[in-house]
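I opened a new notebook page for this protein. These are my entries on what I looked up, in the order I looked.

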Amino acid sequence: MAILPIIETPDPRLKTISSPVETIDDDLRAFIKDMFDTMYDAPGIGLAAIQVGVPKRVLVIDLQDKDEETGKVIRDPRVFINPEILEESEELSVYNEGCLSVPEQYADVERPAVIKARWLDEQGQSHEDVLDGLLAICLQHEMDHLEGILFIDHLSKLKRDMVLKKLAKARKMAA
Ligand code: NI
């Protein structure tokens, strides 16, 4: 188990456009395991490789729903390698997003509510599926990281500056 350091805004590496994965091998699978360890430890529901400084098109997601009766977290780890969005709905949904690279700051972001996506898993198998709800939101958020985009980049400059100011204040108080 390895917990990797998560890079935070304004680290310029977060603006990197990540490169496609060409070989899915044991080294990549070991890295993906570290990404899950890092995401669960943070804790978060999604992590892109660039958030640990690796500019590859790899994402991990686990929404970690709670079982309604027992209250226990149900783990559902998903790996997305070289993901693509094939179609997106005109219908939008709004979600109060956060990001491990913009710690403890949240803002409403509007995105297509339903997407059709294609990706490879850690065995190199291709998948194509229609996704909605939080999974669709989370995948779009993580895919933005592959293009060097953070959720705050979807906000107006005024709102983005407010979030960054709050983040700077929180960091100062923690120092
Ligand atoms: Ni993020």
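Surface. I looked up the accessible surface of the protein, by the Shrake-Rupley method with a 1.4 Å probe, where for residues only the protein chains shown count as cover. The total is about 10,100 Å², and 51% of that belongs to carbon and sulfur atoms.

Ground rules. I noted that this is a predicted model, in which local features need pLDDT of at least 70 and side-chain atom pairs count only at pLDDT 80 or more, while totals for chains, interfaces and linings use all residues. Residues are numbered from 1 along each chain as its sequence is written, and side-chain values use heavy atoms, with hydrogens and water left out.

Overall build. I found three helices and seven strands in the protein. These are DSSP runs numbered from the N terminus: helices are H or I with at least four residues, strands are E with at least two. Along the sequence the pattern reads α-β-β-β-β-β-β-β-α-α. The radius of gyration is 16 Å, close to the 16 Å that the globule rule gives for 175 residues, so the protein is as compact as a globular protein of that length. This radius is taken over C-alpha atoms, and the rule is 2.2 Å times the number of residues to the power 0.38. The C-alpha atoms fill a box of roughly 45 × 40 × 40 Å along the principal axes.

Buried means under 20% relative accessible area, exposed over 50%, and partly exposed in between (1.4 Å probe, protein chains only). I then took the contacts (heavy atoms within 4.5 Å). Of those between residues at least 6 apart in sequence, 63% join residues at least 24 apart.

Metal site. Which residues coordinate the nickel ion? I found Cys99 through SG, His141 through NE2 and His145 through NE2, at 2.1 to 2.3 Å. Donors are N, O and S atoms within 2.8 Å of the metal (3.2 Å for Na, K and Ca); water is not among the atoms, so sites may look incomplete. The spacing of the donors along the chain is C-x41-H-x3-H. Distant parts of the chain are linked here, since Cys99 is in strand E4 (residues 92–99) and His141 is in helix H2, 42 residues apart. Cys99 is buried, with a relative accessible area of 9%. His141 is buried as well, at 6%.

Helix H2. I checked the length of H2 (residues 133–146): its 14 residues should span 20 Å at 1.5 Å a residue, and the end C-alpha atoms are 21 Å apart, which agrees. The expected span is 1.5 Å times one less than the number of residues. Is H2 mostly covered or uncovered? I counted 12 of its 14 residues as buried, so by that count H2 is mostly covered. Both His141 and His145 are among the buried ones. After H2 comes Gly148, with a positive phi near 80°.

Helix H1. H1 (residues 26–41) has 16 residues and reaches 22 Å from its first C-alpha to its last, close to the 22 Å expected. Its buried residues include Leu28, Phe31, Ile32 and Met35. An α-helix has 3.6 residues a turn, so residues three or four places apart point the same way. The cover over the buried residues of H1 includes strand E1 (46–48), strand E2 (58–61) and E3.

Strand E6. I looked at both faces of E6 (residues 114–120): Ile115, Ala117 and Trp119 form the covered one, and Val114, Lys116, Arg118 and Leu120 the uncovered one. Strands pair if DSSP finds at least two bridges between them. Ala117 is the bridge partner of Ile85, and Asp129 in E7 is the bridge partner of Ala117. The hairpin of E6 and E7 has five residues between the strands, and Gly124 there has a positive phi near 85°.

I listed two cis peptide bonds: Thr9 to Pro10, with omega near 10°, and Ala42 to Pro43, with omega about -5°. Pro10 is in the segment before H1, and Pro43 is in the loop between H1 and E1. Asn82, in strand E3, has a positive phi of about 50° although it is not a glycine. Glu104, in strand E5 (residues 102–112), has a positive phi near 60°. Glu104 counts as exposed at 69% relative accessibility.
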